[in-house]
Amino acid sequence: HTWGEATLIGLKGFWAFTLTPLGFLIVLYGLNVVAWGGMLFLLLIGGGDEYMCYPPGSHGEKDCNHIDSPRRIWIEIDSQILNALFCVTGFGLVPWRFRDLYYLLKWRVGKKYDGLRKLAGIHRSWFRLPGSDELPVDTLHSNTLAYESPNSAHPALPIPAAKAPEQPLTGIRAPPTSLWKLDYVIWAYVLNTFLQAVLSGFMWGMNRYDRPSWSTGLFVALACIVAALGGLMVFTEGKRVKRVEGIPVAEVEVLKDIEKGIEGKKKMGKGETS
């Protein structure tokens, strides 16, 4: 595909995702984060100082850092809204994050390998167990299992076995994922929840007059950084797996449908020109 065609395919795929109920909510959430985060950034770098730096009773004297100036008030409003938005993911995903932490500790501390196999099933889109690359390509499939028991003792299979990776379209299985990367992702997300709790404590437990000026910026930055690092690891490992095994069938079908639409438009254009 040309750059333009690839961009059009990506945009159409994004639009199809946005039209789903979950996709719409995720896009709406993301737009709110971008909008309120952008406004906060502009306020912090001096946007609007010409109009927002005159607190009540200042008699025309400019003071951008006065606690009652419109600039400081809007910084507080923005910060509270962003904190609430970050709580949606930081606290809303707690059941899944602490489920993963439980299985991780069961494996690392309790020395029970089943914990790792459970995590392999949960994170099948990007994580591969040791030895999974040696499994037969033509017999293992999430819907047609060669290993009859749903909780097979085979160490290269996740639990349940129905969560096994799809049969690779390339005929080659991705190599095992480094185990430390699973620790990295799970602890990054748990740390994000912890930092969000600390940030919320400052934001909700103290008013803007008593709250330390450094607290908001520090914990917003730390919470965002650790979550982004965890997400980046999942993204890069997912790309690595797809590069070796190919794109899952469901995704391929979506791309084919989008490409058919592009090819149809091309043919129509050629017909009109001829």
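Me: Buried means under 20% relative accessible area, exposed means over 50%, and partly exposed lies in between (1.4 Å probe, protein chains only). Which class does C224 fall in?

Reply: C224 has 33% relative accessibility, so it counts as partly exposed. C87 has 10%, so it counts as buried. Keep the source in mind: this is a predicted model, where local features need pLDDT of at least 70 and side-chain atom pairs count only at pLDDT 80 or more, while totals for chains, interfaces and linings use all residues. Residues are numbered from 1 along each chain as its sequence is written, and side-chain values use heavy atoms, with hydrogens and water left out.

Me: How many helices and strands does the chain have?

Reply: Helices (H or I, at least four residues) and strands (E, at least two) are DSSP runs, numbered from the N terminus. Here there are nine helices and zero strands. Along the sequence the pattern reads α-α-α-α-α-α-α-α-α.

Me: How many disulfides does the structure hold?

Reply: A disulfide is a covalent bond between the sulfur atoms of two cysteines. The test is a pair of cysteine sulfur atoms within 2.5 Å. This structure holds one. C53 pairs with C64, with sulfur atoms 2.0 Å apart. Both cysteines sit in the loop between helix 3 (49–52) and helix 4 (70–92), eleven residues apart. C53 and C64 are both buried.

Me: Why is the disulfide of C53 and C64 right-handed?

Reply: Look at the torsion about the S-S bond. For C53 and C64 it is about 100°, so the disulfide is right-handed.

Me: Which residues make the nonpolar surface patch?

Reply: Patch residues have over 30% relative accessible area and no salt bridge; like charges are joined within 9 Å, nonpolar side chains (Val, Leu, Ile, Met, Phe, Trp, Tyr) within 5 Å. A salt bridge is a side-chain nitrogen of Lys or Arg within 4 Å of a carboxyl oxygen of Asp or Glu. Areas come from the Shrake-Rupley method with a 1.4 Å probe; for residues, only the protein chains shown count as cover. W180, Y184, I225, L229, L232 and F235 make a patch of about 610 Å². Helix 7 (179–205) and helix 8 (213–245) each give two or more residues. Helix 8 gives the most, with four.

Me: Is F235 buried or exposed?

Reply: F235 lies in helix 8. At 52% relative accessibility, it counts as exposed.

Me: What share of the 274 residues counts as buried?

Reply: The share is 32%. The chain exposes about 16100 Å², with 67% of that from carbon and sulfur atoms. Now contacts (heavy atoms within 4.5 Å). Among those between residues at least 6 apart in sequence, 67% join residues at least 24 apart.
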